[in-house]
Structures are given as C-alpha cells and as structure tokens.
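Hi,

Here is the structure I promised to pass on.

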Amino acid sequence: MSEVALLVAATLAAGTPLAIAGLGLLLNERAGILNLGAEGMLLISAVAGFAAAFHGGSEWLGFAAGAAAGAAVAAVFGWLVVWLNTNQYATGLAVSLFGSGFSAFVGIDYVGRQLGEQRAHAVPILGELPFLGPALFRQHPMVYVAVALVGAASFFLYRTRAGLVLRAVGESPQSAHALGYGVRRIRLAAVVTGGALCGVAGAFLSVVYTPLWVEGMVAGRGWIALALTVFATWRPARILLGAYLFGGVTMLQLHLQAQGVELPSQFMAMLPYVATVVVLVLISRNPLWIRLNMPASLGKPFFPGA
Amino acid sequence: MTAPRLELRHVTKRYGDVVANDDVALAVAPGEIHAILGENGAGKSTLMKIVYGAVAPDAGELLWDGAPADIRSPHDARALGIAMVFQHFSLFDSLTVAENVWLGLSRTVSLREVVEGIRGKAAEYGLDLDPHRPVHVLSVGERQRVEIVRALLANPRLLILDEPTAVLTPQAADKLFETLRKLAATGCSILYISHKLHEIVALCHQCTVLRGGRVVASCDPARESTASLSRLMIGAEPPRLERRPASAGAIALSTRELTLESHDRFGVALEDVSLDVRAGEIVGIAGVSGNGQQELLAALSGEDPRADAGAIQLFGQPIGRVGAAARRKRGLHFVPEERLGRGAVPALSLANNMLLTRKEALRAFGWIDRAALRDQASGVLRRYWVKAAGPSAAARSLSGGNLQKYIVGRELDAVPKVLVVAQPTWGVDVGAASQIRAELVALRDAGCAVLVVSEELEELFALADRLHVIAKGRLSPSIPTAEATVEQIGEWMSGLWAGGPGQAAALAGGSP
C-alpha cells in the first residue's frame, strides 16, 4: 500500500517539469510559433537555476534564475523568428544545440556539487491522511503550482479576451493584423512567457527533482514536452494528463527494474516514451479535434503588410 | 462646404513592375456612398488596402476630415473610425461568430454584450446569424454577414465594402442597400467597391472609375446609365450573351432520392434530392447560401463519397461511392465555390495547379513534361484572358476574378461531358463574367451537360434552361427558365413550393 502511495508521489514529481514546460510550449504554439529549442532552454535554465540555488541558498532563487534564463533565451529566439523571420525549425534546432553545449560549458564547475539539505514538504492536516497523505499531499509546492498553472492557462485561453487574441494570432496572423492587433508583439510575448515556463521546469529538474547538475541531465524531456503539445491537441488539461502518464510509466519501470523483472533495462527505459506516444495518439485520433485545435499558422512566418 | 471625410491625393503603389495605383485622387464627403468601379486588376482592392492601412503607398497623401492622416496600420485606421468588409474574408475559422466579432471591437465590451449586439444588429438589418456557431461551418454568404455585422458594431465613420453583394440573393442585396442607406443617413461615409453597374446606379451618390490603376472618370451615377458606366470601366462595349434554345439529349447526370446526413452537426442534411441534367442543357440551382448547396456539391463532385451508390448516376452508371478523380476520368468535371484551397493551391504556380485536374502533361511513370505543362497553362491564360505574370505565377498572386477565370478555363478546356459549377462568376467583373457565361453556353451547345449552382438569380436566369431551387436540403421541382419569374423563384427560396419545406411549416401553423 505505501509502495503504491510512493509510486503516485514519485509520478507527480516526475510529471511536473514536463507539465510546466509543455504548457509554456503550448502558449508559444497557440500564437503560431514552434520552439524546437525547448531542450536547450531547459538545459540552460537548469544550470542557471542550480547555480543560483547553490550560491543563493534558496530554491526559489533557483526558480527565478531558471525563469529569467529561459525567458532570455526565448527572447533571443523570438527576436530571430518573429522580427527577422528566420526559419522557426532551423532556429529552434540551433537553440537546442547551443543550449546543450553552452550549459555543459557553464556548468562544469557545478558537476558533483551538492545543494543544501532538502526540506520535507507536507500540506497541514491533509498530509497526515493515510495513503492520500504520502501519495498526494507531501509534494514540493511546485507540483501544486503546475496544476494551478494548467487551470490558469485553460481559463486564459478559453475565458479571456487576451487568450482569444492569442488564439486568433495563431489561427490567422494576417486577419489579426488586419483587425489591428500587434501580431509580432503578441507572438514575442507568448514566446518569452513560454520560455520562462520552460525555465521554471528546467530549474525544477536541477534544484528539486535530481537535485544536482549533470551535463545533458534534461535527457530529452524538452522533446517529450514538444510532443505532448501536439498529442494533447493544444489543450492544457491534456498536457497535464500526458505529463503524469509519462512520469507514471517512468516510475513504474524503475520500480519493476528494482524488483528484478527479467527484461532488458534499455527496453524498460523506452517504455515511458512509447506509452505516452501511444496513449496520446489514441486520444488525438479524431481529425476534427486536430483541425479545430491546431493553430493554423503554426511554424509559418508572418510578414505584416505583405 | 465641410471638408471631405476622406481625401486621397496622388496615391501611387507599385508591386515590382506592376503599377497597381497610379496618381489616384478621390474625395468622399460625410454621409456619401462613393462607388469605386473597375475591372479585376484595376487596382480597387489595393487602393482600399491603402486607405485601411494594410498596405503602405509608395507616394501620395491621405487627408482625414481635411487634416493629413498618417495611416500606417489597420489599427490606426480603426482608431480614426474606418471599418472594412473584406472580399477575402478575414475571419478565424476555429472561433465562433461572436468571438470573431468580439476581436474586431474595443476591449471594453464583454462577450455577452457582443452576442446581444450581434442579435440586435442582425434583427435591425435582417441579417440572419447565430452568434454561437463556429465560423468554419458557415457558407460564403453567411461569413460575409459576420463581416458586415462586425463592421457595423464598431459604429464606423467610414465603411469600406469590397464586392459585398457578390454572394447575396437579390432580396438580401436590397436589404443590404437599405442598411447602407440608413447608415449613410447617420453621416457615415461609405466606399463601395463593385463592378455591378446596376447596384452603383441604384445605390451610390458618387462614382470613381479606375482602369489600369488610374482614375479615368469621376461621375454622378444617377446621371449615367449602366451602359455608359460599362464603357468607362472597360473602355469598350460590353459583350452580350448570345444563346439559342437548348436541344437536350440523353440524361447525363442524375440523382435519385439522394438523402445524406451532413458531416457537420451544423450542416444541412440532403433529403430526397432528385435531379436530372441532360446532355446539351444547362440546369441551374438557386437558393440562399447555407441551404444544402455545399453538401449537394460535395456529393456530386465526389468529395463526399458516402451517398448510396445508385443515388447518383453518371450516364446510367452508379457513382455514389466513387471518388472525385474517378468521376473526372468518366467525364465529370467540377468548379468549386472556394477558389483558394479547393479550386487551386495558393502557393503553387498556375502551371502546377493545372495538374490538379488535368493529366495531359504527365508522361510515363508520372514524369511531368514541364514544357507541355507551361504551354497548356499559357493556353488557358490566353484563351480566357487571365491577367497574370505568366504560367509560373503563384495562384494566390492573382486577383479573385482572374483566378476564377483560370479555374473555370482549366475545366472548360478539358472538354468535359458533364460540368458542375458553383458560383461561376463570383467576384468576376462584367467583361469576364459574360465571357465565362458565353463559354458555358458554348460548352452546352457542344453537347455537355452543365449544372450551375449559384446564389445570383440574374446569372441563373441568363444561363440556365431549367431552374431548381434548394431550400433546407430539399430540391424544388424544375421549371423552364422561360416560364419562371424572379418572384416565384424568390418564394421557392423560402421553401414555398408544393410539398416544399416552407409549405409544410406553413401548413403546420409555423412561419415560413
């Protein structure tokens, strides 16, 4: 019983960075910008967050530094693709490659360093509940923040005018421009916000989840987050679902490996990726869903007045 | 004398070597309905985009209420009180009608107020519109209503309309004119772009005629006739449609009690549609947009191959479940309503667009004979007087009317045995429209069975030998055009034929 509770708890923790990063990328993509640099942004913010937490002694300082680093990288990316109309795919891949090299270079002094003692977290009263307490209510606050962010993003996209404008820009930047909206400014704002969220996710990985800095420690989570946005048909709640699914299978396969199940470990390590893709493909099978939710201008450059 | 609401001086715009607007001057007084008349490619749309700030002019100045105005973006234009209804609609497909309208308004109103505003304006001006439907299920005519209501809700001081009646029924167009007159009476100026001469004579106070990007005349339409305006616009006499009575032969295309649920839950289901088109005749289907035309066209073209096999027959063969390409191979060609996206791929060259429905330039193993393809495309460009830079010009670089000429030309050139055409002359100017109609008649005389689905009654009366009306997914009996009157067809459009959907409602005590 307590084993299951621990598995659930570990799942939520593992899914959290994916959910936050996926949400940031979803905002980008709803505005029509595909940021393939997610992996690089996560790495840079992971090392920035670790460094800040290491020197400042506060994990919240780490999150702030991660968000700032992510936003800064995203701002450069946004300036390139939105204002200079460079190719989004090529620029994004460049950011990913740059991020992995740059983070390794900057982080060389932090390899093997320890952060201060990790504090235990528990929600008062709820944390004392049998089973539910250890499963759900003894998490790092950022786990709950991620859930709240998903709700907030849903509300923003579907219940506010600003969200409507964002969706409109992603759907048809030409029409939005014709109606007098500043397409480039809105797109840049979405990219920077998305970058900041990716930054928080990166910092969570290095400051809370692992918690240490190793070169390449993001281990493809940036790419998984990108895939999540597509399979979630650009709906925030499904991002959360996909992230927890990925986290859950990751934990389950580790658990099974520890139990000594007779399967090659490489095959087990592959499971979370396969499971996430299969389940989300099944969810997003409906072509009408894709058509209604996919931002029509995704990945396409916009030239005002052309 | 008050200053004009809007004045243009020496406005010039070049696209590469093409001069779209050359030293254009015009002035619009407050409360004036000012027509901009010109053929396709005369520079009307470019000029309006300049006024609306969507395109920057190379030279010249704009004055607003007598003061120089620097309109750099649509945002600036809207701040001045300029609203525009576009020819290519600027709507967001995945959003609802109300959300689309909301995006065009100031941010102080709530979505609920917008829904009420839409209902109010729609009732006031007789524009039927459901605020909660998503835009992607709307027909062209309905989309235009969204654009017009959106413009009206902004309470503009200058309203620009680009070919607004192209997809409206005569009654709806008359209603629109009432709307515009009311609006002008409140002091709003209107720029009315059109090439429909009788509309300009009936509606407008002042008319500026463009030809080849230059102003060739500025006149009072009330003192002109449609013939004199036409001469100003094309610089020559308009061609007349010559036609002889049809000599109808064997049945070529027919539907038998075609019943089909729509793909879309907001679509119209077809019910018991039975129809015959014989070789050597033109059959017309009239109706207000959104009454099942899209569904019927999709079933006939093969885009929607869900009908019972025997419900649609081509030369007696069941084709209900056969795809579009196979139907084309058997001689059924199709000109869709949407030029960009259905009729042509916007980013591809005209020559490559040829390959969508024509296989003459294909060699063994699917190799493309590029020289033959270019010749084929050039042939269509020449024969149908399409204004384009050449066969390598991208489809989207053509004006709407020119692209329509190209698409119709592409299908006519294939010498089809059966041709299904939707809105053959939508947004096409007078000269080109009569040319397209003459070609359709010539095709009929050569023995082709032609089915024309159009929302323009005038066109159907000019073209068709027999008329049907479609209302709420049901088809009226046919009537020889010579015996039909506009009033009767107008009533049928509301479903009021014996056994029609309107008739049933009237008998049941409901309003038609």
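A word on domains before anything else: their bounds come from an automatic or database domain assignment. This is a predicted model, so local features need pLDDT of at least 70 and side-chain atom pairs count only at pLDDT 80 or more, while totals for chains, interfaces and linings use all residues. Residues are numbered from 1 along each chain as its sequence is written, with chains lettered from A and ligands numbered from 1 in the order in which they are written.

Chain B splits into domain 1 (6-234), domain 2 (241-331 + 416-512) and domain 3 (339-415). The centres of domain 2 and domain 3 of chain B, taken over C-alpha atoms, are 26 Å apart. Where these two meet, 13 residues of domain 2 of chain B contact 11 residues of domain 3 of chain B (contact: C-beta atoms, placed from the backbone, within 7 Å). On the domain 2 side, helix α14 (residues 430-445) of chain B gives the most, five residues; helices here are DSSP runs of H or I, at least four residues, numbered from the N terminus.

Now for the two chains: 14 residues of chain A and 18 residues of chain B make the contact. On the chain A side, α7(A) gives the most, with six residues.

Finally, α2(A) has 17 of its 19 residues buried, that is, with 20 or more other C-beta atoms, placed from the backbone, within 10 Å of their own. Just after α2(A), A:G57 has a positive phi of about 75°.

Cheers

How values were computed:
Buried ≥ 20, exposed ≤ 12 C-beta atoms within 10 Å, placed from the backbone. Helix = DSSP H or I, 4+ residues; strand = E, 2+ residues; numbered from the N terminus.
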